[in-house]
Amino acid sequence: MELIQQLVNGISLGSIYALIALGYTMVYGIVRLINFAHGDVFMIGSFVGFYAVTSFHVGFFPALLLAMVSCAILGVCIERIAYKPLRNATKIAVLITAIGVSLLIEYGTIYLRGAQPEAYPSTVLPDKKIEVLGVTVNSQSLLILGVSIVLMILLQFIVHKTKIGKAMRAVSHDAEAARLMGINVDNTISATFAIGSALAGAAGVIFGIYYTKIDPLMGIIPGLKAFVAAVLGGIGIIPGAMVGGLMLGVIESLVSGLGYSLWRDGVAFIILILILIFRPAGLFGKNVREKV
Amino acid sequence: MATLKRTIGFWISIVLALILFVVVQVLISGEILNSFYVNTLFFMVINIILAVSLHLIIGITGQFSIGHAGFFAVGAYASAIMTMKLQMPFALALLVGGVAAAVAGLLIGIPSLRLKGDYLAIATLGFGEIVRISLLNIEYVGGASGMTVTHLTTWPWVFACLLITIIVIANFTNSTHGRACISIREDEIAADSMGINTTYYKVVAFVIGSFFAGIAGGLYAHHFYIIQPTNFGFLKSFDILIFVVLGGLGSMSGAVIAAILLTVVSTFLQDYPETRMIIYSIILILVMLYRPKGLLGTKEVTSFFKLRRAVQGGIGNDNKNTVA
C-alpha cells in the first residue's frame, strides 16, 4: 500500500514536471535553445496566481488563467528582447544570455518584493481525503492531475490540428525551408514561447497549491528537473516530455519512500548524467548523425 | 631573434610579478593594508585562479562547462579533510585538493565530454549539484553546518599558486596541445577530421582546469575559517562563468581583469546581494547582445601595446591573439 501511495504522490509531482518540461521541449525543438529562464517563468506564474488569489480574491480557475496569460506575455517578451537578436549567434552566447535572463528575473523579483517566502492560501481548492483500497488520495492531487491532463490534451490538439501547430512542426523540422514556404518563422517561434510559458505558468499555480510555499528562487530546482525530464524523454519530443516528467516524479517519490529523501534532488541529476551517457537522444529519440 | 624577444617578455613578466609580490608582502607585514583589503585581495586572487582555470575549458577548448563550483568544492573539502582530520601539512593538503578535483574532472569529463554544447553544460551543472547535495549529506564533513578550517592561507601561498596557474595555463595554451584545443574550439568536426584526438584533448583541458579549481578551493577553505555546501552552489559557478565571459572567451588577461574588476564590484555591493546579481545579469545579457566575444574577445592585453604583430606564438601570456 505504501508503494501505491508513493506512486500516487509521484504522479502528481510528475505531472507538474511534465507541464514545465513541455515548454522546454517545445522551445528546444524549434530554436535548439535551453531556455534557462523557463523555471523562472514558472516562478512568476506561481506568484501571479498567488497575488490573484490573495489580493483580488478570485477562484482557482481565473487565477490559473491569469497566470497562464501573464506568463505567455512574459515568455514572448523574453524571446523578443533577449533571444531574437541572437538567432544567428553562437550556441554559447545564447546559453549565457539565457542564464543572464534567468538571474535577472530571480533577483529582479527579490528586488521588487523581497526574498521572503509566501504561503499559498489553502482555501483555493477543497482539500478532501478520499480513501480507495487503503490508499489516501488527496482531492487536490486529483484535480492537479486532471488539469495537467487537460492542458496536455489541449497542447496535442494545438500542435497537431491547428495551423499554428503545423507551422511549429514545420519550423522545428527545417526553419529555412519553412520560411521559403511562406511561414512567418518569427511569429511561430513567439507562439511557441507563448504556449510553453503559459504551461509553465499553469504549473506554477498548481505547484503553489500543492506545496503551499513559494519564493522567488523556487523556479531553479523544478526548472532543472523539468529539463532532466525533457532530456529523459528525448528533447524536442512532446510525448517524451510528458512521459519523462511522470517518470521522474515517480522515481523521486520512490527514492523518498525508501528513506533517502535528502538525496532526492541528487537522483534526478544522476539520471540525467546516465541518460546523457547511454542514450543521449532520450527514451523516445532517434540518433541523428551530425553533419558538417 | 623571435625566440629572444619571447624569452625577454617572459622574464620581464616574472620580474614584474615578483616586484608586485614583494610590494604587497611589505604592505601586509607593515600593516598598511588592513584586514578588509587583505581579505579582498585574497578573494581576488582565488577568483583569478578560478577564472583562469575555467578560461582553459571554455575560452580555449570551447567546452561549455557550468559546474566549476563543483570542482572548487571538491578541492576545498579534500584539502580541509587533509589538514583538519588527518593533520597533514598545508602544501600537501593543497596538492591533494587539486588532485582530488582533477580526478573528479577526469571521472566526469570522460563520459560527458562526448556531449556537445548545451548537453555538456547541463551535465556539468548536474555534476555540480550532485557534489553539493553529496556534501550536504555526508556527516563526516559536517553536512549542512559545514566544516571549520584553520587559517593557513598566506600571501606567499596565494601568490605562488596564482603564478603557477598562470604560467602553466599560458604555456599549455601556446603548446602543441593548446593549439589542438583551440582547433577544437573553432570547429570540432574539422579538428577531428584533421586527425586531432578531440576527446583526449578535451579531457586533458578539463582535468587541468579542474586541478587548478581544486587548488583555488584549498586556498579558499583555509582562508574562510568555515566551508559549507551552500558556498558552492551553481551561483558560484555562474560567478566564475561571468568572469570568463565578460573578459572575453579566449582571452586569459581578459579573464584576469574581469575577475579583479568584479571582485571589487561585489565587495562594494556586499550589503546589497540582489543588486549585485541584477547588475551581473544585465552585464551578461548586454555583453552577449552587443559584444558576444566578451570585452577583449580573443585578444590579450599586451597585444594592444604592440605596433606590429609580426611574431606569432610564444611563451607567457604576453603575446598574440589566439584566433585560429
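**Reading the two chains of a predicted model**

Me: Which residues of chain B does UniProt list as "transmembrane region"?

Reply: The unreviewed UniProt entry gives that annotation to residues 7–30, 36–58, 65–84, 90–110, 117–135, 155–173, 200–220 and 240–265 of chain B. Please keep in mind that the structure itself is a predicted model.

Me: What does the chain look like over residues 36–58 and 155–173 of chain B?

Reply: Over residues 36–58 of chain B the model is 100% helix and 0% strand, with 32 Å between the end C-alpha atoms. Residues 155–173 of chain B are likewise 100% helix and 0% strand, and there the end C-alpha atoms stand 27 Å apart.

Me: Is His55(B) buried or exposed?

Reply: A residue under 20% relative accessible area is called buried. His55(B) has 1% relative accessibility and therefore counts as buried. This residue belongs to helix H2 of chain B, residues 35–60. Apart from neighbours within four places in sequence, the contacts of His55(B) are Ile60(B), Ile169(B), Val244(B), Gly250(B), Ser251(B), Met252(B) and Ala255(B).

Me: Which residues of chain A carry the "transmembrane region" annotation?

Reply: In the unreviewed UniProt entry they are residues 6–26, 59–78, 90–112, 132–159, 189–211, 226–250 and 262–282 of chain A. Two of these segments may be examined in the model. Residues 90–112 of chain A are 96% helix and 0% strand, with end C-alpha atoms 33 Å apart. Residues 226–250 of chain A are 84% helix and 0% strand, and their end C-alpha atoms are 13 Å apart.

Me: How much area do chain A and chain B bury between them?

Reply: The size of an interface is often given as the accessible area lost when the parts come together. Here chain A and chain B bury about 3,700 Å², 83% of it on carbon and sulfur atoms. On the side of chain A, Ile96(A), Leu103(A) and Tyr107(A) lose the most area to chain B, together 16% of what that side buries. In terms of contacts, 43 residues of chain A meet 39 residues of chain B.

Conventions. Residues numbered from 1 in each chain as written. Chains lettered and ligands numbered in written order. Predicted model: local features only at pLDDT ≥ 70, side-chain atom pairs only at ≥ 80, totals over all residues. Heavy atoms only, no water. Helix = DSSP H or I, 4+ residues; strand = E, 2+ residues; numbered from the N terminus. Buried < 20%, exposed > 50% of the residue type's maximum accessible area, 1.4 Å probe, protein only. Contact = heavy atoms within 4.5 Å. UniProt positions renumbered as here; feature names shortened; annotations may be inferred. Buried area = accessible area lost by both parts, 1.4 Å probe.
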